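Subject: Handover of a structure

Dear colleague,

Please find the structure below, together with its sequence. The notes after it set out what was found.

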Amino acid sequence: MSDLSLSNTVEATRPRQFDFDRALNTFGAWTLAFLWALPLLYAIWTAFHPAAYEANFELFAPLTLENFTKAWSAAPFAQYFLNTTMLVTIILIAQFVLGTLAAYAFARFEFPGSNILFTLVLLQLLVMPDILIVENYKMIRNLGLIDTIVAIGLPYMASGFGIFLLRQTFKTIPRELDEAARVEGAGPLLVLWKVYVPLAIPTYLAYGLVSVSHHWNNFLWPLIITNSVETRPVTVGLSIFAAVDGGVEWSVINAATLMTSGPLLIAFLLFQRQFVQSFMRAGIK
Amino acid sequence: MTRRMQWIYAWLLLTPAMIMLFAFTHFPAITTIINSFFSTPRGRRPAKFVGLQNYEELMADPTFWKVLVNNLWYAMATIPASIGISLLMAIWVNDKLKGRSLVRMSFFAPTVLPLIAVANIWLFFYTPGFGLIDQIRMGVFGLPENSWLGQQETVLICMMVVTIWKEAGFFMIFYLAALQAIPPSYKEAADIEGASRWTFFWKITWPLLMPTTLFVSINAVINSFRLVDHIFTMTGGGPDNASSLLLFYIYEVAFKYWQTSYAATLTVVMLALLSIIAIGQFFFMDRRVHYR
């Protein structure tokens with residue numbers, strides 16, 4: 001008898017409890033999402049309003065684009081954008097080519113030293129060029145490449161992460177496809193190009209997006225290796241612009257901030273679904 | 001293809017990548033260690049072997065100890081916090097949630113923003129009196145204004161908040177991928193057994209996420225030594241090195257004071273720390289996590 005009533009109350013309370021749980025989770029998620037978006041929302045607010053409203057949040061404050069034009073004319077941002085675009089393109093192409101060749105060797109060839117070499121590749125995940133700034137600077141100086149765009153990219157062209165990721169993807173491709181192509185007389189490079197590369201496109205996409213956003217945002221190494229307008233990427237340009245003592249208004253700095261992150265942010269908004277999905281499909285777990 | 005041909009082919013495929021890797025990762029790592037035993041060459045005076053002198057200088061350098069302790073605190077706070085928050089984010093976003101894509105977008109957006117750029121926005125948040133945090137404190141709670149970045153006690157915490165904000169969304173993606181790989185039948189089975197959400201999480205989800213947690217935590221460790229961009233904009237390491245981290249100090253020593261040998265010595269310390277922590281994680285967390 002008592003058992004029955006107990007199970008009845010459980011039955012009765014369960015749906016309501018569940019709803020409460022759900023509401024709490026939704027509330028939590030939204031609160032955190034708002035906090036996370038706050039800096040960006042604030043930057044958008046100040047960038048599109050006159051300086052008088054930078055700490056004064058009125059719903060009907062007048063809108064303006066003046067901050068953007070001020071920022072654009074105050075520093076050579078067009079040149080900076082061109083430099084960054086060239087930089088990320090060079091790095092991406094090099095990473096794809098070098099990474100594909102190396103990953104193919106690790107995934108499908110048996111050769112002496114493969115384990116040692118693969119360990120050395122993985123070591124780069126820990127010992128990144130980012131922290132070897134002193135010695136890499138000397139290396140670039142010895143090569144006579146100080147203050148060039150290529151020099152910013154060189155340390156990142158062989159990427160341990162990229163090789164690892166592509167190797168994992170290539171390993172999932174059935175060997176039968178590979179062998180079928182070989183029977184038809186295709187050499188290893190042709191097989192790579194016709195079989196492996198097309199099947200790994202989601203991985204290339206995911207890795208490409210990570211690489212572009214990483215190098216678009218990179219700051220310390222370009223700061224060290226560049227010292228002229230012709231080579232500086234936007235991140236370094238922005239830091240110089242914002243560091244000019246006094247003078248520059250918050251609203252203008254925030255307009256410049258939005259400008260430098262704009263292209264990436266727009267690309268991310270447009271490709272958001274693909275971005276997240278290609279990450280998942282790349283099988284990074 | 002004969003075996004010999006296979007070998008040659010593989011080595012040829014590897015050569016370009018390995019040359020670049022050796023030139024900009026392994027070789028500089030080795031020269032860093034070598035240079036830490038030499039003096040800094042100046043003008044006509046070449047570098048000469050000085051044994052452990054740089055390391056003795058290091059032991060006696062109060063700035064080094066301060067920066068090291070800062071960095072350890074920074075790592076100890078940002079690693080668990082960003083892992084916890086990113087897991088929470090992933091669980092929320094993986095659930096049927098109203099406005100899910102908007103929430104996901106907001107979590108992930110900091111990842112694609114340049115740290116050096118968003119540091120400007122955070123700088124404003126922390127501005128005494130005028131900034132957003134102080135406006136809320138003063139307006140809502142009637143508290144006096146506070147110089148968040150000007151005080152030794154708060155400045156490092158302010159930097160930690162920025163780092164956690166920046167990296168949590170990136171880690172969320174990895175957890176999200178892992179969560180979606182868990183078969184729904186596990187959840188159904190658990191529901192039939194009457195397991196609570198909490199039990200299901202600790203007994204099923206969390207163990208299955210172990211490899212992801214390992215991957216994410218190693219990334220978080222690396223980031224805690226690598227992410228220093230915001231220091232340049234927000235504090236310049238101050239006040240009195242209270243917000244300086246190891247990599248920032250290395251930058252200062254090498255490119256402001258041009259003591260490259262001492263900078264190499266500091267880099268050796270950083271490499272050693274990274275290796276110890278990463279190896280420790282591998283053994284501590286899960287020996288069964290293998291990348292095949």
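**Two helix pairs in chain A**

Helix α4 (residues 114-126) of chain A and helix α7 (residues 160-171) of chain A cross at roughly 125 degrees, and their axes come within 7 Å. Helices here are DSSP runs (H or I, at least four residues), strands are runs of E of at least two, and both are numbered from the N terminus. Axes are lines fitted to C-alpha atoms, for helices over the stretch in contact, and the angles run from 0 to 180 degrees between N-to-C directions. α4(A) and α7(A) are therefore oblique to each other; angles under 35 degrees count as roughly parallel, over 145 as roughly antiparallel, 65 to 115 as roughly perpendicular and the rest as oblique.

On the side of α4(A), the contact (heavy atoms within 4.5 Å) is made by Phe118(A), Val121(A), Leu122(A), Gln124(A) and Leu125(A). α7(A) contributes Gly160(A), Phe161(A), Ile163(A), Phe164(A) and Arg167(A). By class, the residues of this contact of α4(A) with α7(A) are seven nonpolar, two polar and one charged. Ala, Val, Leu, Ile, Met, Phe, Trp, Tyr, Cys and Pro count as nonpolar, Asp, Glu, Lys and Arg as charged, and the others, Gly among them, as polar.

Helix α2 (residues 66-74) and helix α13 (residues 250-270) of chain A pack with their axes 8 Å apart, at an angle of about 80 degrees. That makes α2(A) roughly perpendicular to α13(A). Asn67(A), Phe68(A), Lys70(A), Ala71(A) and Trp72(A) of α2(A) meet Ser251(A), Val252(A), Ala255(A), Ala256(A), Leu258(A) and Met259(A) of α13(A). The contact of α2(A) with α13(A) holds eight nonpolar, two polar and one charged residues.

**How the model should be read**

This is a predicted model, in which local features need pLDDT of at least 70 and side-chain atom pairs count only at pLDDT 80 or more, while totals for chains, interfaces and linings use all residues. Residues are numbered from 1 along each chain as its sequence is written, chains are lettered from A and ligands numbered from 1 in the order in which they are written, and side-chain values use heavy atoms, with hydrogens and water left out.

The mean pLDDT (the predictor's confidence in each residue, from 0 to 100) of chain A is 84, and 86% of its residues reach 70 or more. Over residues 1-16 of chain A, pLDDT stays under 50, and the model has zero contacts beyond four places in sequence for them.

**The two chains**

Chain A has 14 helices and zero strands, and chain B has 13 helices and zero strands. Of the 285 residues of chain A, 54% count as buried; for the 292 residues of chain B, the figure is 55%. Buried means under 20% relative accessible area, exposed over 50%, and partly exposed in between (1.4 Å probe, protein chains only). The C-alpha trace of chain B spans about 80 × 80 × 30 Å along its principal axes.

**Buried parts**

Helix α5 (residues 133-142) of chain A has eight of its 10 residues buried, so it is largely enclosed by the rest of the structure. Its buried residues include Ile133(A), Glu135(A) and Lys138(A). α5(A) is followed by Gly144(A), whose phi is positive, near 70 degrees.

The largest nonpolar core has 178 residues, and those with the most contacts inside it are Phe77(A), Ile133(A), Phe170(A), Phe64(B) and Phe107(B). Helix α7 (residues 152-180) of chain B gives the largest share of this core, 16 residues. Such a core is a set of buried Ala, Val, Leu, Ile, Met, Phe, Trp, Tyr and Cys residues joined through side-chain atoms within 4.5 Å. Not counting residues up to four places away in sequence, Phe64(B) touches Leu58(B), Leu246(B), Tyr249(B), Tyr262(B), Leu266(B) and Val269(B).

Asn241(B) lies in the loop between α11 (229-234) and α12 (246-255). Its phi is near 65 degrees, a positive value in a residue other than glycine, and Asn241(B) counts as partly exposed at 22% relative accessibility. Trp258(B), in the loop between α12 and α13 (260-285), has a positive phi near 55 degrees. Trp258(B) is partly exposed, with a relative accessible area of 38%.

Glu193(B), in helix α8 (residues 184-193), is exposed, with a relative accessible area of 69%.

Yours sincerely
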